[in-house]
Amino acid sequence: MKPTDDQILEILGDSGLVLSPSIIAFNAGFTRTHVNNRLSEFAEKGLVDRVERGKYEISETGRGYLSGDVDASEL
């Protein structure tokens, strides 16, 4: 996990919404490319669900990671 990962996941988790990489990037102050790359990796690890192309929501595993119930090294 990278230092920016928690912030990206927290935006998804706190909003409770389906969001695009552009919206997350705008709110986090990151580039859309960076957020898009991280979301793709998160989807592979089960931290987020890809609802449809370019739209993501946090998964139960992602919520567990944010709450400390899931160890990133286990993903």
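## Contacts around Gly46, Ser59 and the elements they join

Leaving out residues up to four places away in sequence, Gly46 touches Ser59, Thr61 and Gly62. The model discussed here is predicted. Gly46 sits in the loop between H3 and S1. Its relative accessible area is 23%, so Gly46 is partly exposed, given that buried means under 20%. Gly46 and Gly62 are 16 residues apart along the chain, yet their C-alpha atoms are separated by 7.1 Å.

**Ser59**

Ser59 lies in the loop between S2 and H4. Is Ser59 buried or exposed? Ser59 counts as buried, because its relative accessibility is 5% and the cut-off for buried is under 20%. Not counting residues up to four places away in sequence, Ser59 touches Gly46, Leu47, Val48 and Asp49.

The backbone nitrogen of Gly62 lies 3.1 Å from a polar atom of the Ser59 side chain. At the start of H4, a side-chain oxygen of Ser59 also comes within 3.3 Å of the backbone nitrogen of Thr61.

**Helix H4**

H4 covers residues 60-67, and Gly62, Gly64 and Tyr65 are buried in it. Seen down the axis of H4, these buried residues fall within an arc of 160°, so they line one face of the helix. What do the buried residues of H4 pack against? They pack against helix H1 (5-15) and strand S2 (55-58). Just after H4, Gly68 takes a positive phi of about 90°.

**The strand pair**

Strand S1 (residues 48-52) pairs with S2 in the antiparallel sense, over four bridges. Asp49 has Glu57 as its bridge partner in S2. The hairpin of S1 and S2 has two residues between the strands, and Gly54 takes a positive phi near 80° there.

Side chains alternate along S2. Tyr56 and Ile58 point to one face and are buried.

**Salt bridges**

How many salt bridges does a search of the whole structure find? The search finds four.

| Pair | Distance, N to O |
|---|---|
| Arg38 and Glu41 | 2.9 Å |
| Glu41 and Lys45 | 3.1 Å |
| Glu52 and Lys55 | 3.4 Å |

Salt bridges that share partners join Asp5, Arg38, Glu41 and Lys45 into one network.

Helix H3 spans residues 32-45. Arg38 and Glu41 are three residues apart in H3, and about one helical turn separates them. Glu41 and Lys45 are four residues apart in H3, again separated by about one helical turn. An α-helix has 3.6 residues a turn, so residues three or four places apart point the same way.

Arg38 is buried, with a relative accessible area of 5%. Glu41 counts as partly exposed, at 27% relative accessibility. Lys45 is also at 27% and counts as partly exposed.

In the Glu52 and Lys55 salt bridge, Glu52 counts as partly exposed at 46% relative accessibility. Lys55 is partly exposed too, with a relative accessible area of 35%.

**The nonpolar core**

The largest nonpolar core has 16 residues. Which of them touch the most other members? They are Leu9, Leu12, Ile24, Leu39, Phe42 and Val48. H1, helix H2 (21-28), H3 and S2 each supply at least two residues of this core. H1 gives the most, with four residues.

Ile24 shows the packing in detail. Neighbours within four places in sequence aside, Ile24 is in contact with Ile8, Ile11, Leu12, Leu19, Val35 and Leu39.

Note on methods:
Residues are numbered from 1 along each chain as its sequence is written. This is a predicted model: local features need pLDDT of at least 70, side-chain atom pairs count only at pLDDT 80 or more; totals for chains, interfaces and linings use all residues. Side-chain values use heavy atoms; hydrogens and water are left out. Buried means under 20% relative accessible area, exposed over 50%, partly exposed in between (1.4 Å probe, protein chains only). The arc is that of the directions from the helix axis to the C-beta atoms. Contact means heavy atoms within 4.5 Å. A polar contact is a pair of N or O atoms within 3.5 Å; within protein, one must be able to donate a hydrogen and the other to accept it, and residues adjacent in sequence count only if both atoms are side-chain atoms. A salt bridge is a side-chain nitrogen of Lys or Arg within 4 Å of a carboxyl oxygen of Asp or Glu. A nonpolar core is a set of buried Ala, Val, Leu, Ile, Met, Phe, Trp, Tyr and Cys residues joined through side-chain atoms within 4.5 Å. Two strands pair if DSSP finds at least two bridges between them.
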